[in-house]
Amino acid sequence: MDVSQYLEVFIDETNEHLQNLNTSILDLEQNPDNMDTVNEIFRAAHSLKGMAGTMGYKRMQDLTHAMENVFSKVRDGEIKVNSAMIDTIFQCLDAIQEYLDNIQGGGDEGTNDNAAIIKSLNGFLSGESAPAAEAEESTAAPTAESASAGSSDGKDKWKDIKLTEEQVDVIEAAKKDGKKVVGLTVFVQEACILKSARAFLVFKALEELGEIIVSVPSTQDIEDERFDFEFSVILITDSDVETAINAAKGVSEIEDAVGGYVEEATVADDKAEVAVAADAADTVEENKNVPAAPAHDGAGKPTAEKKKPVVNRTVRVDIEKLDDLMNLVSELITAKNSLVSAATADNESANDVGEHIEYLENVTTSLHESVMKVRMVPIESVVNKFPRMIRDLQKKLGKKMELYMTGEETELDRTVVDEIGDPLMHLLRNSADHGIESDVALRKERGKPEEGSIFLDAYQDGNNVVIEVRDDGNGIDVEAVKRKALERGTITEEQANQMSDKEIINLLFLPSFSTAKVVSDISGRGVGLDVVKSKIESLSGEVDVKSQLGVGSTWTIRLPLTLAIIQSLMVIVGDEKYAIPLGNIQTIESIRPDEVKAVQQKEVINLRGNIIPIIRLNEILDCQSAKAEDEDLVVVIVKKGDKQAGLVIDELTGQQEIVIKSLGKYIQRSKVISGATILGNGEVALIIDPNALI
Amino acid sequence: MDEVKIYSEAVQYIKIEMGTEMFGIDISYVDNIVRPQHVTRVPNVASYIKGVINIRGEIIPIMSLRLKMGLEEIEESKSTRFIIIKMEKYGKIGLIVDAVKEVVALEDNQIERVKVDTSEEIAHFVSGVGKVDGVLVSLLDLDMVVMEKSAKEE
C-alpha cells in the first residue's frame, strides 16, 4: 500500500487532532467530570491511532493506543482523571508531536519508543483494572506472532488473513445464506514472469465461482506485482473447496493451491491493526511497499532508499471561497468576450469599450480580493497552543497566571501565520517569566490580584493586523536596562543621558541583550527579542513595546495583511521607475530647496515642527536626478515605528496595485531593494524597502 | 540556424559570436533565446550585471558576457540576443551576446580539452575548444561564467 500520497493529509489532520487534544485536555483539567470532553478526547485519540496505523507509524500508534485505553477507562467511569494523569497525557501529546515533526522532516517517525510514557499510561489502567488493560494491550502482538507461527510451517496462509468487522459480517451473512466460505492460498511458479497476469487469471477463475471478499496482498498490490510468489484469498461461493482449488490450478504457471473452509471468522482488533499485523507477521516482502513502516526487519533499509518526501504546504480552502473564485472567473470570461465583440463590431459600439474595460477592472479587483482570501487563514491555528504553554509555564515557574485571548479568528496570510508562532511564543514566555511578578506580596502591594493576567489580542486595523501581548506584571525597568547597557558598553554615559525612556527600552531589541538576572530555560538568554524583531521585520511587520514600571507591558506586533500583493506609490527617480509600498508612506510634501538644513552633516527638513532626516534616493540608487538644483523637492515621508524619514524623488506617477516578485538568487541585491514588480507595459520596476533606509 | 547536425553521443552547442571569436554554449543549459528588451537597472550590483528583465512574468537577471569576459562593451545591434540559461544553483540568468549563429554538434573527440591561448581573461571561462568546419569554437564553462568573480580577481 503506497501511503505517501496521503502524507500531507495525515500531517494536517494529526496536527488538528493534537491541537484538539491539547485544548480538550486543558478543558478536562478544569472540569474533570465533563463527559463530553472525555468523549471528544477519546474520539481524537482513536482517530490518531487509526491514522498512524494506516500510515504504518507503529510507534506512534502504540503510544496513541495506550492513551486511548486510558480514556476508554475514564469514559467508562472506571478510573478518575487526576493531575498526574493530565501531566502524563501532555507528555504523551508532546511525544506524538515529536513523531509528527520527524515525519514531516524526514518521512520517518524516528526511533524513540517512549516506553516510559506508555508504561505510566498503562499504570493508570492497572491501578484498578490491570487484567483488562493487559489483555487489550497484548492483543496486537500475539496475533501477529501466532500468525507467523502458523504460516511458517504450513502452506495455509489464508488462515492468517485478518478480517475487518464488515468482512466478518459479510462472511457470517453468507454462511447464514447457506454459502460456503473458502480460504485459498495460491502459489505461483517462481519462474513465472508475469506474476500479476497469472494472479489476475486466478482471480477471474475464482470470481466465476463466487465472490472474493479479501485478498492478501491487496488486489491493488497484486496488480502492481507487489507480492512474492503466493497470495491468499477468501471466497464466498456455492461450490466446494476442491472446485475452487482446481479452478486456481487450472491457470498455467500456478504451482500449487491449497484451501479449506473458513470455520470461524474473527475480527482483528481494528482495521488499522490489520495492516500492521500483516506486515509484522511474515510478509516481509510487503514491507517495501509500506516504506514508512518501521517493521522489525530493519526500519532503516526501506526508508533509506526512499527520497525524503517533500511535504508541501497546503491551505485548506472553504468551498464557498472557491465558488466565489469560480464565479469571478466566469465573469472574467464574459468580460473578455464582450471586449472581443466590441473590438470586432463597427464603430458604433466602440464607445462601449471603455465600459467593458471598467467592468473588467471590477472583476479583476474582486478576483484579487478572492484569491487573497483563499490565502488567508485564521491565526487560531497558531495561538491555540498557547494556553497549554502558559499552563506548563505556570507549573514550572510556580506563578499563578491566566492567559486571555481574543480575536483568534483574525485572518492572516498563510505564510505569515506560519512564521508568527515563534515570535509570539517568545513574547508570551517573556511576559510569563519576566513580566508577572514572582512575589505575590509585591503584587498585592501594587493592588493587583494574586493571579497574573496575560492577554493576547488580535485584530485587524486597516490593511494591517495587530497582535498585542499584554501583561499586568512588573513592566520594564528602564533604569535597569540603562545600567545594563552601560555595563555592556552598548551605550556611553553621555548617550544614556540623552536617550528617552522609549529609546532605552528599544535597546532590548539589540542582539544578546537580556536584563534577566537569572538565565532560565524559559527566557533570558538574550537571544530572544532581537530574533523576534528580525522575524517580524522579515514579514514586513513591526514590533513595538510600551511599558510602565509596576503596571505592565504591552508588546504590539503590526503585520501587513498579505505579502504577495501590495498597494504602492509609483515614483520616478532619474529616468527609472520605482515602487514604494503605500503602507510605509505617511505624507508627500513639496519642499523648497532652501528649507533643507544640515544637522551633523545630515540633511534634514523641518516639517510642521518635526525634524525629519531626508534621503536623496538618487544617491542611494546610484543614478542622476533629472531635476535642477533650484527646483522644489518632492519628498515622500515614510515612517517606521516612531521614526520618520523623507525620501527625495523626482516625480510621482500615481498609486498602483503591484504583485511582488523576487529578484532571484543570482543578484546580490542591496538591502534597499525588496523585490521587483512587472508594470503594465511588461517592464520591470524595482520595489524600494523604506524600512531598510530609515 | 536551419542546418542542424545531430550525431549520436555528440553534445549540441549554440554557437555565438563575441567580437571576432566564436563561443559555444551547451544547449542543455539554454532555456530561451530572446531579442533585446528594456533592462531595468538594479543599483549597487556588479558592473557586469546589467539589470533584470521580465520574461513571461518571471524576473530574470541579465549579465553582459562582454563585460564579464573583460571585453569592451558595444552598442546593442540588430543581431544582439539575450540567451537565457538555467543554472541549478542560481535559476535563470540572461547572457547578452553579440550574435547567435547556429547549433553545432561536437563529439568528444572533436574537442580539445586544453586551455586556450586567447586573451588571459577569457581563458578562465573556456572549458575546451572544438573545431567546426575549420572554425575554432571556444566552449564556455557556464559555471565559471556566472560565478561571482573571475578566477583572476580572487
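User: I'd like to start with a single residue. What does A:I491 count as, with 18 C-beta neighbours inside 10 Å?

Analyst: Happy to! The idea is to count C-beta atoms, placed from the backbone, within 10 Å of a residue's own: 20 or more others make it buried, 12 or fewer exposed, and anything in between partly exposed. A:I491 has 18 such neighbours inside 10 Å, so A:I491 counts as partly exposed. Bear in mind that this is a predicted model, where local features need pLDDT of at least 70 and side-chain atom pairs count only at pLDDT 80 or more, while totals for chains, interfaces and linings use all residues. Residues are numbered from 1 along each chain as its sequence is written, with chains lettered from A and ligands numbered from 1 in the order in which they are written.

User: Where does A:I491 lie, and which residues is A:I491 in contact with beyond its neighbours within four places in sequence?

Analyst: Contact here has a simple cut-off: C-beta atoms, placed from the backbone, within 7 Å. A:I491 sits in the loop that links helix 19 (478–488) to helix 20 (493–498) of chain A. Once neighbours within four places are left aside, its contacts are A:A485, A:L486 and A:A496. A:L507 lies 16 residues away in sequence, with a C-alpha to C-alpha distance of 9.3 Å from A:I491.

User: How many helices and strands does chain A have?

Analyst: Elements are DSSP runs numbered from the N terminus: helices are H or I with at least four residues, strands E with at least two. For chain A this gives 24 helices and 22 strands. Of its 694 residues, 35% are buried.

User: Now a strand. How many residues of strand 22 of chain A are buried, and which strands are joined to it by bridges?

Analyst: Two strands pair if DSSP finds at least two bridges between them. In strand 22 (residues 684–688), 5 of the 5 residues are buried, so this strand is largely enclosed by the rest of the structure. Both faces are covered, with A:V684, A:L686 and A:I688 on one side and A:A685 and A:I687 on the other. Strand 13 (residues 576–581) runs parallel to strand 22 and is joined to it by 2 bridges; there A:Y578 partners A:L686. Strand 21 (residues 673–678) is antiparallel to strand 22, with 5 bridges, and A:T677 stands opposite A:A685. Strands 21 and 22 make a hairpin with 5 residues between them, and A:G682 in the turn has a positive phi of about 90 degrees.

User: In what order do the strands of the open sheet in chain A run?

Analyst: Its 6 strands follow the order 14-18-19-17-16-15, with mixed pairing. Strand 14 (585–591) and strand 15 (597–599) are the edges, each pairing on one side only. Inside, strand 18 (residues 633–640) and strand 19 (residues 643–649) are antiparallel over 7 bridges, and A:K639 is bridged to A:Q644.

User: Which residues touch the most other members of the largest nonpolar core?

Analyst: A nonpolar core joins buried Ala, Val, Leu, Ile, Met, Phe, Trp, Tyr and Cys residues through C-beta atoms within 7 Å. The largest has 70 residues, and A:V636, A:L647, B:V52 and B:L95 touch the most other members. A second, separate core of 40 residues includes A:V383, A:L393, A:I476 and A:L529.

User: And how many residues of chain B are in contact with chain A?

Analyst: 17 residues of chain B contact 21 residues of chain A. Strand 4 (49–55), strand 5 (58–64) and strand 7 (91–97) of chain B each give two or more residues to that side, and strand 4 gives the most, with 4. Strand 7 of chain B also forms a hairpin with strand 6 of chain B, with 3 residues between them. The two are antiparallel over 7 bridges.

Conventions
Contact = placed C-beta atoms within 7 Å.
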